[in-house]
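Have the viewer open as you read.

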Amino acid sequence: MNITVQSIKFDADQKLVEFIKRKTAKLEQFLDNIIEGVCYLRLENVDDEANKIVELKMNVPGSQLFAKAQAKSFEEATDVAVESIRRQINKLKTKTRTNASNHKELLTDNEEEF
C-alpha cells in the first residue's frame, strides 16, 4: 500500500510522516487489498487547542473510505482517524460477506427449483 502524506500550508516533520505511515500500514492487517492512501494534515486558525486536523482517504477495490479527525496533536488525530477507517473496513467486510452469503443462498434455492 502506498501512503502519501500532504501537509497544507506548513512543513510536516519527518517523524510525524513516519508515524502516520506506521499507523496506516497496520490497516493492512484488516484488509490486504488497499490500493493507496492519502493523508492531509491541516492547521485550523481557531482559539481552541484542538486545531490539528487529519484527513485520511483510502482507496479500496469498489469504494473509497474517508475519515476526518481533529485533536490537540496530529498523533492523536491520526489515531482517531485510523480507528475510524478500521471500523469502516469491518463494516465493508461484513457487508461483502453478507452479500456473498445471500448470493449463495439464492443460487442454492434456484437450483432446487429445477
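Start with the sheet: four strands make an open sheet of 4 strands in the order E1-E2-E3-E4, with mixed pairing. Strand E1 (2-7) and strand E4 (63-71) sit at the edges with a single partner strand each, so one side of each has no neighbour in the sheet. From one strand to the next, the twist averages 15°. As for terms, strands (E, at least two residues) and helices (H or I, at least four) are DSSP runs numbered from the N terminus, and two strands count as paired if DSSP finds at least two bridges between them. Angles are taken between N-to-C directions, from 0 to 180 degrees, with axes as lines fitted to C-alpha atoms (for helices, over the stretch in contact).

Before going further, a word on the source: this is a predicted model, where local features need pLDDT of at least 70 and side-chain atom pairs count only at pLDDT 80 or more, while totals for chains, interfaces and linings use all residues. Residues are numbered from 1 along each chain as its sequence is written, and side-chain values use heavy atoms, with hydrogens and water left out.

Now the E3-E4 pair. These two strands run antiparallel over 9 bridges. They form a hairpin with 2 residues between them, and Gly62 in the turn has a positive phi of about 95°. On the E4 side, Lys52 faces Ala71, and Ile53 has Gln70 as its bridge partner. Helix H1 (residues 14-25) lies across E1, strand E2 (36-43) and E3, at about 145° to E1.

What about the inside? The largest nonpolar core has 24 residues, and Leu41, Met58 and Ile85 have the most contacts within it. H1, E2, E3, E4 and helix H2 (74-113) each supply at least two residues of this core, with the largest share, 6 residues, coming from H2. A nonpolar core here is a set of buried Ala, Val, Leu, Ile, Met, Phe, Trp, Tyr and Cys residues joined through side-chain atoms within 4.5 Å.

Contacts in the table are heavy atoms within 4.5 Å.

| Residue | Element | Relative accessible area | Contacts include (beyond four places in sequence) |
|---|---|---|---|
| Val54 | strand E3 (residues 52-60) | 0% | Leu41, Phe74, Thr78 |
| Thr78 | helix H2 | 1% | Phe19, Ile20, Val54 |
| Thr24 | helix H1 | 0% | Ile3, Leu56, Val82 |

Val54 also touches Ala77 and Ala81, among others. Its C-alpha is 9.0 Å from that of Val80, 26 residues away in sequence. Leu41 shows up on the Val54 list, and its own contacts include Val5, Leu16, Ile20 and Phe74.

Which backbone oxygens does the side chain of Thr24 reach? A polar atom of the Thr24 side chain lies 2.9 Å from the backbone oxygen of Ile20, and the side chain reaches the backbone oxygen of Lys21 at 3.2 Å. These are polar contacts: pairs of N or O atoms within 3.5 Å, where within protein one must be able to donate a hydrogen and the other to accept it, and residues adjacent in sequence count only if both atoms are side-chain atoms.

Conventions
Buried means under 20% relative accessible area, exposed over 50%, partly exposed in between (1.4 Å probe, protein chains only).
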